[in-house]
Amino acid sequence: MADPDPEMLIKRWCDGMPVPGWVSKNSYKECFLCHAKFKSKHKHNCRLCGQLACSACTAKYHLPEDFCQKQLEKRAKNKQPIGTLLPARVCYQCRNVCLRRARRNGGE
């Protein structure tokens with residue numbers, strides 16, 4: 001049986017979950033997953049847990065609108081139409097939690 005689609009699993013996991021507060025970008029000098037030192041702009045807040053991770057420890061997924069407030073605020077500030085939301089960063093730890101839950105529940 002093929003692995004379920006991570007994006008679908010992440011969306012399902014987000015349903016009803018509160019949007020986390022984000023760790024300040026100045027709080028840490030290294031990725032919370034791989035402990036690599038951050039280089040300039042290569043630090044990202046996971047939209048699901050709020051932690052800071054490097055580019056190598058995150059992937060982009062389409063998330064429910066509630067988890068994309070920064071994008072929505074930026075578009076409103078620039079008087080841009082909302083349109084389709086761009087994918088947002090999710091750390092591999094959160095993605096893996098979703099995959100493990102799906103496998104435990106029989107691939108749902």
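How much space lies in the largest pocket? I get about 420 Å³. My pocket search runs on a 1 Å grid over the protein atoms alone, and a pocket is an open set of points where a 1.4 Å probe fits, with protein on both sides within 12 Å along at least five of seven lines. Grid points are joined across faces, edges and corners, and the volume is the space filled by probe spheres set on them.

**Ground rules.** I am working with a predicted model, where local features need pLDDT of at least 70, side-chain atom pairs need 80 or more, and totals for chains, interfaces and linings use all residues. Residues are numbered from 1 along each chain as its sequence is written, and side-chain values use heavy atoms, leaving out hydrogens and water.

**Pocket lining.** By class I noted 9 charged, 5 nonpolar and 3 polar residues; Asp, Glu, Lys and Arg count as charged, Ala, Val, Leu, Ile, Met, Phe, Trp, Tyr, Cys and Pro as nonpolar, and the others, Gly among them, as polar. Helix H2 (69-77), strand S1 (43-45) and S4 each supply at least two lining residues, and H2 gives the most, with 4.

**Fold.** I read the pattern α-β-β-β-α-β-α along the chain, with 3 helices and 4 strands. These are DSSP runs (helices H or I, at least four residues; strands E, at least two), numbered from the N terminus.

**Core.** Of its 26 residues, Ile10, Leu48, Leu63 and Val90 touch the most other members. H3 gives the most to this core, with 4 residues. Beyond four places in sequence, Val90 has contacts (heavy atoms within 4.5 Å) that include Ile10, Cys46, Leu48 and Leu63.

**Glu30.** I found Glu30 in the loop between H1 and S1. Buried or exposed, or in between? Glu30 counts as partly exposed because its relative accessibility is 32%, and the cut-offs are under 20% for buried and over 50% for exposed, with a 1.4 Å probe and protein chains only. Glu30 and Val90 are 17 Å apart, C-alpha to C-alpha, and 60 residues apart in sequence.

Conventions
A nonpolar core is a set of buried Ala, Val, Leu, Ile, Met, Phe, Trp, Tyr and Cys residues joined through side-chain atoms within 4.5 Å. On a 1 Å grid over the protein atoms alone, a cavity is a set of points where a 1.4 Å probe fits but cannot get out, and a pocket is an open set with protein on both sides within 12 Å along at least five of seven lines; lining residues have an atom within 4 Å of a point.
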